[in-house]
Amino acid sequence: QVEHALEIYRGDFLAGFNLRDSLEFEDWRRLQAEHLRQLLISGLHTAINDTIEAEEYKKGLFLVQQLIELDPLDEWAHRQGMLLYALDGQRGLSLEQYAQCRAVLEAELGVEPSPETKQLYEKIIQGTQPLYSRAVIPPHNLPAPQTSFIGRQKELVQIASLLRDPACRLLTLVGPGGIGKTRLALQAASKVLRSFPDGVYFISLEALSSANYMVPAIASALEFNIDLFIN
């Protein structure tokens, strides 16, 4: 299915088409374009994982390159490319993929690759540890997004880097109401989900009328029976 989607995908939806003096149409067109683009990207992520499971490494590498063309800043795609090249016995190309990943992240976002990418790089260099094991998604209660997430790639990378830093015990996003802080936080949480085997949880405190209700709200979200400790 994803191969068929790649065949018929011709770039952004209605790119270059516009209606004079119609900002509403342009907003709609951009949202539709991003929605379709994200559908294709999501399908590629799933298909790439499937090729690794099936040991179809060359097919996986083709899909990885298609994904990188769609989103050169998708570090996951670069990391899967490294993995697939290594599994296919092409260690040199695997290291080149890492260099490409590091260069684009530095040039566009001014950041280093994530710890996951660096750890895979070290495994490839050493050539001694298993490169792949079946991924298990940690527990979470992150709500499914109702709309496509557009932009803020630099902020996402910075937040993910801080969340993975053991020295960062608390991270606060501040700004005026309505600018999308919660949406940004949820998107960042989904990006780092696999970095936290014990799980990632969203706990809304918006409806609480008193700080006294904070602990019960957290316990409820974690499905933790606080009564056992109160009594």
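Which residues touch the most other members of the largest nonpolar core? The views below, drawn from a predicted model, start there.

**View 1. The largest nonpolar core.** This core has 23 residues. Leu44, Ile48, Leu67 and Leu84 touch the most other members. At least two residues of the core come from each of helix H2 (23-53), helix H3 (57-70), helix H4 (75-87) and helix H6 (115-126). A second, separate core holds six residues, among them Leu73, Cys101, Leu105 and Leu109.

**View 2. Contacts of Leu67.** Neighbours within four places in sequence are left aside here.

**View 3. Thr51 in helix H2.** Thr51 sits in helix H2. The relative accessible area of Thr51 is 1%, so this residue counts as buried, the cut-off being under 20%. A polar atom of the Thr51 side chain lies 2.6 Å from the backbone oxygen of Ile48. Beyond neighbours within four places in sequence, Thr51 is in contact with Glu56, Lys59, Gly60, Leu63 and Leu84.

**View 4. The second largest pocket.** The space in this pocket is about 1200 Å³. Its lining has 26 residues. Leu163, Leu170, Leu171, Ala185 and Tyr201 lie nearest the centre. Helix H7 (153-163) and helix H8 (181-191) are the elements that give two or more residues to the lining. H8 gives the most, with six. By class, the lining comprises 18 nonpolar, four polar and four charged residues.

Note on methods: Residues numbered from 1 in each chain as written. Predicted model: local features only at pLDDT ≥ 70, side-chain atom pairs only at ≥ 80, totals over all residues. Heavy atoms only, no water. Core = buried A, V, L, I, M, F, W, Y, C linked by side-chain atoms within 4.5 Å. Buried < 20%, exposed > 50% of the residue type's maximum accessible area, 1.4 Å probe, protein only. Helix = DSSP H or I, 4+ residues; strand = E, 2+ residues; numbered from the N terminus. Contact = heavy atoms within 4.5 Å. Polar contact = N/O pair within 3.5 Å; in protein donor to acceptor, adjacent residues only side chain to side chain. 1 Å grid on protein atoms, 1.4 Å probe; cavity = no way out; pocket = protein on both sides within 12 Å on 5 of 7 lines; lining within 4 Å. Points joined across faces, edges and corners; volume = space filled by probe spheres on them. Nonpolar A, V, L, I, M, F, W, Y, C, P; charged D, E, K, R; others polar.
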